[in-house]
Structure formats: structure tokens, C-alpha cells
Amino acid sequence: AILLIYSYTSFVSEPPIQARQIRPLTREVSQELYPAVSPGLTYLSYTRMIEGAHKYLVIEHQKSKKSIKVTQADTDLSKLVWSNDNQHVAFLARSQKKCVIYMSDIETIEQSDAWQPLTNCSNYSNPHFMFTPDNKSLLFNDRLASANGYQIFKIDLETYGKQILNQPITAGKGNYSFDISPNGETLVMLNSEFEPVTAIYTLDIESSHLTRTGQLDYLMRSVTFNHDSQSIVHPSPHPAYELWQSTLAGEKLSVIASNTSRVKHPSRFHNDSDFLF
């Protein structure tokens, strides 16, 4: 199931008490991964995984609850992300013969011949990617071989030119997870040269200045900026039954949610307060 963490305010006492609630958005009998809500809050998208079948994308209209399935023969489709202008989506297509990140208009996403290939990725890679806040570029990571760490690249969506970002060394897992702050000013990166150690870095996007902000003695599985652009949200250490808010140095600030099964793939809900997982 995909869950929404949302907050409410109690006016019983002063000052108001902020409390977190968890509400299921899906209840299907399957694994539902990589949830994302469109910036206009119109659509919920996720990857559905059913044993013995290829992964496919589900895009559900939040008012009508009507949904579409996006499939391709002999191919796993996953990790759909939204542009901030609601005009485009990007997603991953993997098979024995290919690993490609595609872009599509939401209106034509069921027509595979209308998909625009943005970049190939290696067979050793499970890339993480996202649109930049100005919708002009796509960031993604890739590794050339199983012995190589992940590197982060930027694709210009007008020229399709590709450049590598300033980032820490890419030994071990390399720079395997990252996120852009909601204000568009900072990129946070998770780097693991020696597992299970995780180093946290930030990159000032305008100046390309790289800063190492913290190091942890466990592998942080993924990272997303909090809505405040000043702290991060991530799964707790293994077995990851909680979602934590931490400083950019990795210092735990609070438990956002506690669950009876593993918390995966948290993402911001576009209302300045809530999260999906």
C-alpha cells in the first residue's frame, strides 16, 4: 500500500500541538513502489510489481479515481517522476536489452511511440532521476559497471546535452541517492565509499560549491529534502520501520512516521507539509 503522512493541528491547548497521521492512498494486493503525486495534486503515480509479471506504471486521477496502466512488452517500467509544470513525466524502462530513461507528455504516455528517450543507462545501474525545479533539465545518476560507483549527470531538455555535476569521489556505491531542495538552491547527495558508512554532501547549485555536511555509521537508503529546504527526510536504519527527519549533518530531529512494515521511497507531497511512502 502507498501511505500518505499528513499533519493536523489540535487547538485544545496552547501552543497548538502538531501531530502526524497516516492515511492509505492505495489498498491493492501487490507491491506498490516509488509513489509520486503531480505538483497540481491531480494524479497519483506509482510502480506496481506483481510476482511473475513485468513492472508497470499506474497513474490514478485523485478525484475520479480512474486509473491507467502504462506497460511495454517484455519491459519493466518504473520510477515515474513529474515536472514541476505538470507537463511532462520521466520514467525508467528496463529489459534484458536496454536501460532507458524516457520523457513523455502525460496525455500521450500510453503511446510508447511518442516517448522521448533522454539517456541510456548501464545494465549495472538502477538510476535515480528528477526534473530540476525550473523544468529545464533532468538530473540522473548512472554507473558504468558493477565495480563502479554512481555519478550524477544533468541533461539539458532543450539541447539534450549532458554534463557531470561537481560531486564527491565515486568509489564504492558512489553518489547513489540525491534530491533538490524545494527552493531550488541546494542538491543533497548520499555517498557511500565503504558500506555501511554514509556521507552526506550538499552542492550549492548556483556556485557549484560542494560541502561535506555529515557522516553516519549506517547506510541511509534514500533521501528527500524536507519542505523547509533546510532538513532531510529518510528511512530509519535497517530494518527501516520509521521515517525520520534529520539535519543536513544527519542528526536525528524527529520520527515522522512509524510503520509495521519497511518504509521505502519517501517523496514530498506537493502541499508544503506532507509525504508519501
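How many helices and strands does the secondary structure of the protein come to, and where in the chain is the disulfide that joins Cys99 to Cys121?

A: This is a predicted model, and the secondary structure of the protein comes to 0 helices and 24 strands. A compact globule with 277 residues would have a radius of gyration near 19 Å, and the 18 Å of the protein agrees with that. The C-alpha trace spans about 60 × 45 × 35 Å along its principal axes, while 47% of the 277 residues count as buried.

Within this setting, the structure holds 1 disulfide, which joins Cys99 to Cys121 with a distance from S to S of 1.9 Å. The torsion about the S-S bond of Cys99 and Cys121 is about -90°, so the disulfide is left-handed. The pair links distant parts of the chain, 22 residues apart: Cys99 belongs to strand E9 (residues 99–105), whereas Cys121 lies in the loop between strand E10 (116–120) and strand E11 (129–131). Both cysteines, Cys99 and Cys121, are buried.

Turning to the aromatic rings, a search of the whole structure finds 5 aromatic pairs, and ring pairs link Phe91, Tyr102 and Trp115 into a cluster.

Technical notes. Residues numbered from 1 in each chain as written. Predicted model: local features only at pLDDT ≥ 70, side-chain atom pairs only at ≥ 80, totals over all residues. Heavy atoms only, no water. Disulfide = S-S within 2.5 Å. Helix = DSSP H or I, 4+ residues; strand = E, 2+ residues; numbered from the N terminus. Buried < 20%, exposed > 50% of the residue type's maximum accessible area, 1.4 Å probe, protein only. Phe/Tyr/Trp six-rings, centres within 6.5 Å; stacked < 30°, edge-to-face > 60°. Rg over C-alpha atoms; globule rule 2.2 N^0.38 Å.
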